[in-house]
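Here is a short report on one structure. Take a look at the sequence and the model before reading on.

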Amino acid sequence: MNRRASVLREMGLAPVWRLRDAPGATVDSPPAEAAASAEVAADVAPVAAAPAREPAVLPARTAVLPTAPPLVAPARVATEDMDWAALEAAIGACRACPLHERRTMAVPGVGDRAADWLFVGEGPGAEEDLRGEPFVGQAGKLLDAMLAAIGLARGRNVYIANAVKCRPPGNRTPEASEMAACQPYLERQIALLQPRIIVALGRPAAQTLLGGEVKINAARGRLFDHAGIPVVVTYHPAYLLRNPQDKAKAWEDLCFARAALAPR
Ligand code: URA
């Protein structure tokens with residue numbers, strides 16, 4: 001078995017799927033079990049008390065719709081002029097929401113600052129809070145396997161960040177106000193990176209990026225827009241650890257994202 005096949009097997013995915021040659025966001029059919037999926041509960045509870053809005057969808061690769069505003073109007077931290085060093089220092093010292101009170105370390109993000117791919121998770125867990133790096137626990141191991149399955153690796157053409165940079169107590173879902181307070185940091189990371197694709201891992205990340213109510217199952221397989229950058233939505237690795245039957249769908253989403261990479 002070659003390395004690619006063994007990686008996919010490690011993710012619980014077999015047989016190996018390949019992208020079709022045709023350009024555009026088309027992927028091979030998923031295995032029967034994935035294709036036959038009924039609605040599966042999204043991985044997190046609803047976040048926002050804000051009114052539901054439809055996020056911007058790219059109807060075609062060339063049509064870029066305006067970015068929707070954040071879920072709630074926060075007192076914005078001004079990050080617009082920050083370089084990477086200033087941004088990371090500001091995140092480390094941030095007190096814009098109550099999450100700073102119980103953090104060990106803020107977790108700004110990690111990876112290649114010239115990356116084509118940006119993966120956005122929800123928020124640091126216990127291990128991330130101790131180490132200051134995103135996705136270093138069990139969910140992170142699965143994320144690494146997911147990256148390997150499409151020929152990527154942490155730190156090589158990939159940057160990994162979170163919707164909130166400080167650990168929500170007990171790993172609860174971040175509140176809308178916390179995500180809004182942290183949003184300028186993610187915005188600045190995106191502006192500095194200018195990735196060719198953003199992958200939203202789970203519902204809080206998708207809602208922060210798309211600015212509205214998002215249901216993962218409805219959003220999968222659609223191309224969204226954030227500030228002119230294509231966004232693809234998939235399951236959070238922690239959800240996939242609890243629901244391994246959906247790993248095949250996550251693989252399908254990553255293939256979709258790879259086919260949707262914006263030109264440089
Ligand atoms: N889950 C996340 O969403 N982010 C992390 O960094 C770790 C776990």
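## The ligand and the sheet

The ligand sits in the largest pocket. Keep in mind that this model is predicted.

Which residues are around the ligand? They are G121, E122, G123, E128, P134, F135, N162 and H236. By class, this shell divides into two nonpolar, four polar and two charged residues.

For G123 and F135, the protein atom belongs to the backbone. For H236, the side chain supplies the N or O atom.

| Residue | Protein atom | Ligand atom | Distance |
|---|---|---|---|
| G123 | polar backbone atom | nitrogen | 3.0 Å |
| F135 | backbone N or O atom | oxygen | 2.9 Å |
| H236 | side-chain N or O atom | oxygen | 2.7 Å |

How much of the ligand's accessible area does the protein cover? On its own, the ligand has 230 Å² of accessible area, and the protein covers 92% of it.

Now to the strands. Strands of a sheet pair through backbone hydrogen bonds, either parallel or antiparallel. Here, six strands form an open sheet with mixed pairing. Their order is β1-β3-β2-β4-β6-β5. Which strands lie at the edges? They are β1, residues 110-111, and β5, residues 224-226. Each of these pairs on one side only.

The partner of β5 is β6, which spans residues 229-234. The two strands run antiparallel, and three bridges join them. In one of these pairings, F224 has V231 of β6 as its bridge partner.

Note on methods: Residues are numbered from 1 along each chain as its sequence is written. This is a predicted model: local features need pLDDT of at least 70, side-chain atom pairs count only at pLDDT 80 or more; totals for chains, interfaces and linings use all residues. Side-chain values use heavy atoms; hydrogens and water are left out. A residue is near a molecule or strand if one of its heavy atoms lies within 4 Å of it. A polar contact is a pair of N or O atoms within 3.5 Å; within protein, one must be able to donate a hydrogen and the other to accept it, and residues adjacent in sequence count only if both atoms are side-chain atoms. Accessible areas come from the Shrake-Rupley method with a 1.4 Å probe; for residues, only the protein chains shown count as cover. On a 1 Å grid over the protein atoms alone, a cavity is a set of points where a 1.4 Å probe fits but cannot get out, and a pocket is an open set with protein on both sides within 12 Å along at least five of seven lines; lining residues have an atom within 4 Å of a point. A molecule sits in a cavity or pocket if more than half of its atoms lie within 2 Å of its grid points. Ala, Val, Leu, Ile, Met, Phe, Trp, Tyr, Cys and Pro count as nonpolar, Asp, Glu, Lys and Arg as charged, and the others, Gly among them, as polar. Two strands pair if DSSP finds at least two bridges between them. Helices (H or I, at least four residues) and strands (E, at least two) are DSSP runs, numbered from the N terminus.
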